[in-house]
Amino acid sequence: MITRSPRLLQRTDAVPANPIHRTESWQTQLSRAVRDPHELLERLGLDAAWLPGADAGHALFAVRVPEAYLRRIRLGDPADPLLRQVLPVTAETRTPPGFVTDPLAEAEHTPRRGLIHKYVGRVLLITSPACAINCRYCFRRHFPYAENSPSREQWQESLDYLRADTTIREAILSGGDPLASSDARLAWLVEELAAIPHLQRLRLHTRLPVVIPDRVDDALLDWLAATRLQTVMVLHINHPAEIDDAVIAACARLKDAGVTLLNQSVLLRGVNDDVAVLAELSEALFAAGILPYYLHVLDPVAGAAHFDVPDGEARALHRALRDRLAGFLLPRLVREIPGEASKTPL
Ligand code: SF4
C-alpha cells in the first residue's frame, strides 16, 4: 500500500488529556493503564461491534494502554494507526501456517534463566517481565516470562555468566520493558555490569519513554549518567503520531545524560505500510534526536498475522523510501531469522 494518503500528525480530535496526568508519577501511570477492552472502546468512542473481537483477543494477550499513549489516539476512528497497535481484534484468533508462539526460537538460546545469548559479543537479559503497553504484534506475546523473571540470586548467575565470557562486550537489557523495573533495581544491576572489565556497552530496548514519557525522570537519569558504560537506548516507535512534545522532551533529557538514541520500527499492515508515513517517521525521529536504525518485517508470531506485509511489498516500500530520504534517515530493512549470526537484510 504505497500510495495511500495518510493523515499525519493531525490529531486535534484525539482523546482529551486526563487533567491529572501530568502530576502522576510514572509508576502510577503504569498501574492505571487501561486494561479492559470495554473501557478502551468507551474511552475512544468506538462502536460496541468491536467488543467481541476485543474480548477474544484480550483473552489471548491482555489489553494494556497507558493514558499518555491513549490520548494520542483519534476519537471514533477504528483505523487510527496507534489504536491498531493496541486494540485486540478477532483476527488474533486465526493462526495461519508458519505463525508460531516462539518465532525467534529464543527458548533454544537461554543458557541461564532470563538470559539470551544468540549473537557473538552481546548478551540479552530479560530485565522485567512487564511492559507499559501491550503491542498486539509483539513477538514475545507468548514468551514464558514467569519462567524467565530472575530474582536477585538468579541475577548473580547471569552476572557470573557475563564475567566468565570475556568475548562479551555488550549487555542488552530487554523484557518486557527493562524500564518497567524500579530505578533502585536497575541502578544496582548496571553497577554490577559496569564492574565487569570487558563490558563496554549497555543497551536498553525500551518503549517506555515513548508510551509514558514521564518515565524519564531524575532517578533514571542519575544512574544513566553515572555509569562508565557507553549507553545506547533503542526506542520502539512505529508511527510519527507517537512522537508528541512530551516524547521530544524526554529524548532531549536522555541525550543530555549522554545516551545515544536509536529507533527500531516494525513494518505493520494498516499502521505504517506507507512510504509517506515512513518518511515522516524518519524525519520526526531525527528531529527528536533519534537515529532511524531498523525497520523490521514482522516476526511470524501467532496472533499477529494480520499485520504482515509481504517481502516484495516491504522491499518496494523501502526502495521508495530510499528515493525520498537522506541516507542517514533510511532505516535498514531487516528480518530476524533464528540461528543466523545477525539480522538479515531484506
Ligand atoms: S513494548 Fe515491546 S516487548 Fe512490550 S509488548 Fe510492545 S513490542 Fe512487546
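This is a predicted model: local features need pLDDT of at least 70, side-chain atom pairs count only at pLDDT 80 or more; totals for chains, interfaces and linings use all residues.
View 1. Residues are numbered from 1 along each chain as its sequence is written. β7 covers residues 291–296 and β8 residues 332–335, and the two pair in the parallel sense over three bridges. Strands (E, at least two residues) and helices (H or I, at least four) are DSSP runs, numbered from the N terminus, and two strands pair if DSSP finds at least two bridges between them.

**View 2. Strand β8 also pairs with strand β9, in the antiparallel sense**. Here β9 spans residues 344–345, and two bridges join β8 and β9. Look for V334, whose bridge partner in β9 is P345.

**View 3. Helix α11 packs against helix α12**. Follow α11 through residues 275–287 and α12 through residues 311–324: their axes lie 9 Å apart at an angle of about 50°. Axes are lines fitted to C-alpha atoms, for helices over the stretch in contact, and angles run from 0 to 180 degrees between N-to-C directions. The angle therefore makes α11 oblique to α12 (under 35 degrees counts as roughly parallel, over 145 as roughly antiparallel, 65 to 115 as roughly perpendicular and the rest as oblique). On the α11 side, V275, L278 and A279 make the contact, and on the α12 side L317, A320, L321 and R324 (C-beta atoms, placed from the backbone, within 7 Å).

Definitions and conventions
Two residues are in contact if their C-beta atoms, placed from the backbone, lie within 7 Å.
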